[in-house]
Amino acid sequence: MRDKNGFAMICVTTTDKSFHWRSALMELAIICFHLSFGLACSQPQEHTAAAVNPEDSVSMMTSYGVNTLISDSGVIKYRIVTERWDVNTVRQPSRWEFMKGVFFEQFDEQFHVQAYIQADTAWYFDQQRLWKLRGRVNLRNIDGLIYTSEELYWDGIRHEFYSNVFSRVVTPERTMEGTYFRSDENMTRYTVSNSEGSFLASDFEDSEPTDTLPNKAQ
């Protein structure tokens, strides 16, 4: 029953006054509970989701079956062949990803092949102009030098290769192995440190022994 103002009225008929007040208080508590519950349910709720993990970000571009030419300063320098190429600008630093392997060819200004590189996996950090090659890394230049390792970095700013893992360098004259490698971009001037291997006797003539080419007699 409601009064003239529309408010609910509680009516309890009993001869026990104490029971009357206990029952009235209980009814009032129940009504207040339902009113408060209804108001709470009517309030808008903000639904939030967990923050996106940068590692879960998707690539802005994915290409399959890529065979393309890359220019440097307006001159075609490289060919890239890969099964899959992902470009991701959300992750920091931004990068290109070649998770299905990659094959490079390097050209001179006359478009003659100077070298090739292949790896099982590769990343190119475009802001640093840095390549990271992983897996079965193989490189061969025009002079017949063959380089193999499990990891190789290619710095496009300094124009050099380097590696801090076991590397093997084979040329027509010698074979060198070591745990540190650094070379110019053409693989014509290189250093292999902590090395061991076979060398020609002329390698040591009129020269002081160095860490790069250790003197086996010492």
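**Entry 1. Strand pairing**

I take two strands as paired if DSSP finds at least two bridges between them. The model I am reading is predicted. I began with strand E2, which covers residues 75-88. Its pairing with E4 is antiparallel and comprises four bridges. Within this pairing I looked up Tyr78, whose bridge partner in E4 is Gln106. I then looked up Val81, for which the partner in E4 is Phe103.

I turned next to strand E1, residues 61-72, which is joined to E2 by 11 bridges in the antiparallel sense. Val66 has Thr82 of E2 as its bridge partner. Strand E3, residues 95-98, also runs antiparallel to E2, with three bridges between them. Here I noted that Asn88 is bridged to Arg95 in E3. I therefore record E2 as a strand that pairs with E1, with E3 and with E4, its residue Arg79 being partly exposed at 24% relative accessible area.

**Entry 2. Hairpins**

I checked how the paired strands are connected. E1 and E2 form a hairpin with two residues between the strands, and Ser73 takes a positive phi near 55° there. The hairpin of E2 and E3 has six residues between its strands. E4 and E5 make a hairpin with five residues between them, in whose turn Phe111 has a positive phi of about 65°.

E5 spans residues 113-119 and pairs with E4 over six bridges, in the antiparallel sense. Phe107 has Val113 in E5 as its bridge partner.

**Entry 3. Burial of E4**

Is strand E4 enclosed or open to the outside? I found that five of the six residues of E4, residues 102-107, are buried, so the strand is largely enclosed by the rest of the structure. Phe103 is partly exposed, since its relative accessible area is 26% and burial requires a value under 20%.

**Entry 4. Salt bridges**

How many salt bridges does a search of the whole structure find? The search returns seven.

Arg79 and Glu105 meet through their side chains in a salt bridge, at 3.1 Å from N to O. Arg79 belongs to strand E2 and Glu105 to strand E4, so this pair ties together parts that lie 26 residues apart in sequence.

Arg91 and Glu97 form another salt bridge, with the closest N and O atoms 3.5 Å apart. Glu97 counts as buried at 11% relative accessibility, whereas Arg91 is partly exposed at 22%.

Arg168 and Glu177 form a further salt bridge, at 2.2 Å from N to O. Glu177 counts as buried at 19% relative accessibility, and Arg168 counts as partly exposed at 33%. I note that the 19% of Glu177 falls under the 20% cut-off for burial.

**Entry 5. Aromatic residues**

A pair of aromatic rings is described by the distance of the centres and the angle of the planes. I recorded a count of 15 aromatic pairs. The pair I examined is Phe103 and Tyr116, with ring centres 5.8 Å apart and planes at 25°, so it is stacked. Phe103 lies in strand E4 and Tyr116 in strand E5, so the pair ties together parts that are 13 residues apart in sequence. Tyr116 is partly exposed, with a relative accessible area of 31%. In Phe103 I thus see a residue that is the bridge partner of Val81 and also stacks on Tyr116.

I then listed the aromatic cluster formed by Tyr78, Trp85, Trp96, Phe98, Phe104, Tyr124, Trp131, Trp154 and Phe161. One of its members, Tyr78, is the residue already noted as bridged to Gln106 in E4.

What lies over the face of Trp123? I found Lys132 there, at 5.6 Å from the ring centre.

**Entry 6. Nonpolar surface patch**

Which residues make the nonpolar surface patch? I identified Leu69, Ile76 and Phe111, which together give about 230 Å². Ile76 is placed in strand E2 and counts as partly exposed at 35% relative accessibility. Phe111 is the residue with positive phi in the turn between E4 and E5.

Key
Residues are numbered from 1 along each chain as its sequence is written. This is a predicted model: local features need pLDDT of at least 70, side-chain atom pairs count only at pLDDT 80 or more; totals for chains, interfaces and linings use all residues. Side-chain values use heavy atoms; hydrogens and water are left out. Patches are made of residues with over 30% relative accessible area and no salt bridge: like charges are joined within 9 Å, nonpolar side chains (Val, Leu, Ile, Met, Phe, Trp, Tyr) within 5 Å. Accessible areas come from the Shrake-Rupley method with a 1.4 Å probe; for residues, only the protein chains shown count as cover. A salt bridge is a side-chain nitrogen of Lys or Arg within 4 Å of a carboxyl oxygen of Asp or Glu. Buried means under 20% relative accessible area, exposed over 50%, partly exposed in between (1.4 Å probe, protein chains only). Rings of Phe, Tyr and Trp (its six-membered ring) pair if their centres lie within 6.5 Å; planes under 30 degrees apart count as stacked, over 60 as edge-to-face and the rest as tilted. A charge sits over a ring if NZ of Lys or CZ of Arg is within 6 Å of the ring centre and within 35 degrees of the ring normal.
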